[in-house]
Amino acid sequence: MAEKVVAEKYHQLEPATGHSGGDHEASATTQSEELKRQKRIKMYKYIGIFIVFQIVVMSVFGMTVMKVKSPKIRLGNIYVLSLNSVPAAPSFDMSFVTQIRVRNLNWGTFKFDAGMATFMYQGVPVGQVAIPNSKVRMRSTKKIDVVVSVNSAALPSNSALGSELSNGLLMLSSQAKLSGKVTLMMIMKKNKSAEMSCSMVFNLAAKSVQNLDCN
């Protein structure tokens, strides 16, 4: 009799025990799915951050490295070798040493053709110097030493040269243009020109440059 009572109680408890196990499994499955969902969300966030980072990097790269700028030409220091002037005539004859400086600001080489630098008095050419073809490395300056000779032979007789020489000064200007190509990443080539416009004032008594301005 006692055994029958125990058996009946066992059978009464058995469904409840089975129902509790099912709830536990369902809860565990729900938690597992929630963890997977959170991992997917975190992964998508990382992918989004990576894409934004790549866009920023490519934008900066495009605006800096891949942007082609025009190289610049400037005159370096001028050292007078000889200078003769006659205010009464009026006339002058001068030779000096300087540098043609070609500055390349690009992240690629600049290869240019041969050109000329022209020196003028009041817009009239009084001398020229040849600039040989060459190549400038990326973000560097090519310095070319030249000897320049100028004189007043081509100037008209009605120029204001006499009064200027009487004041002990000689004002000249110079211009140059070099045409070439900038090569980026060894594949991209773009035509670019470097231009120069300088003005200079020579002190006749000191036989030296008093002022030099290039742009």
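**Entry 1: disulfide**

I counted one disulfide, taking a disulfide as a pair of cysteine sulfur atoms within 2.5 Å. The model is predicted: local features need pLDDT of at least 70, side-chain atom pairs count only at pLDDT 80 or more, and totals for chains, interfaces and linings use all residues. Residues are numbered from 1 along each chain as its sequence is written, and side-chain values use heavy atoms, with hydrogens and water left out.

The pair is Cys 198 and Cys 214, with sulfur atoms 1.9 Å apart. I read a torsion of about 110° about the S-S bond, so this disulfide is right-handed. Cys 198 belongs to strand E10 (residues 188-203) and Cys 214 to strand E11 (residues 208-214), so the bond ties together parts 16 residues apart in sequence. Strands (E, at least two residues) are DSSP runs, numbered from the N terminus. I found both Cys 198 and Cys 214 buried, that is, under 20% relative accessible area with a 1.4 Å probe, protein chains only.

**Entry 2: strand E9 and its partners**

I next looked up pairing, for which DSSP must find at least two bridges between two strands. E9 and E10 run antiparallel and are joined by 16 bridges; Leu 172 has Met 200 in E10 as its bridge partner. These two strands form a hairpin with three residues between them, and Met 185 in the turn has a positive phi of about 55°.

Strand E4 (residues 108-112) is antiparallel to E9, with five bridges, and Phe 110 stands opposite Val 182. Strand E5 (residues 115-121) is also antiparallel to E9, through four bridges; here Ala 117 faces Ala 176 as its opposite residue.

**Entry 3: nonpolar core**

I then examined the largest nonpolar core, which has 39 residues. Such a core is a set of buried Ala, Val, Leu, Ile, Met, Phe, Trp, Tyr and Cys residues joined through side-chain atoms within 4.5 Å. Ile 100, Phe 119, Val 150, Leu 170 and Leu 172 touch the most other members. Strand E9 (residues 169-184) gives the most to this core, with six residues.

For contacts I used heavy atoms within 4.5 Å. Leaving out residues up to four places away in sequence, Val 150 touches, among others, Phe 92, Phe 119 and Leu 172.

Ile 100 lies in strand E3 (residues 91-104). Its relative accessibility is 0%, so Ile 100 counts as buried.

Notes. Buried means under 20% relative accessible area, exposed over 50%, partly exposed in between (1.4 Å probe, protein chains only).
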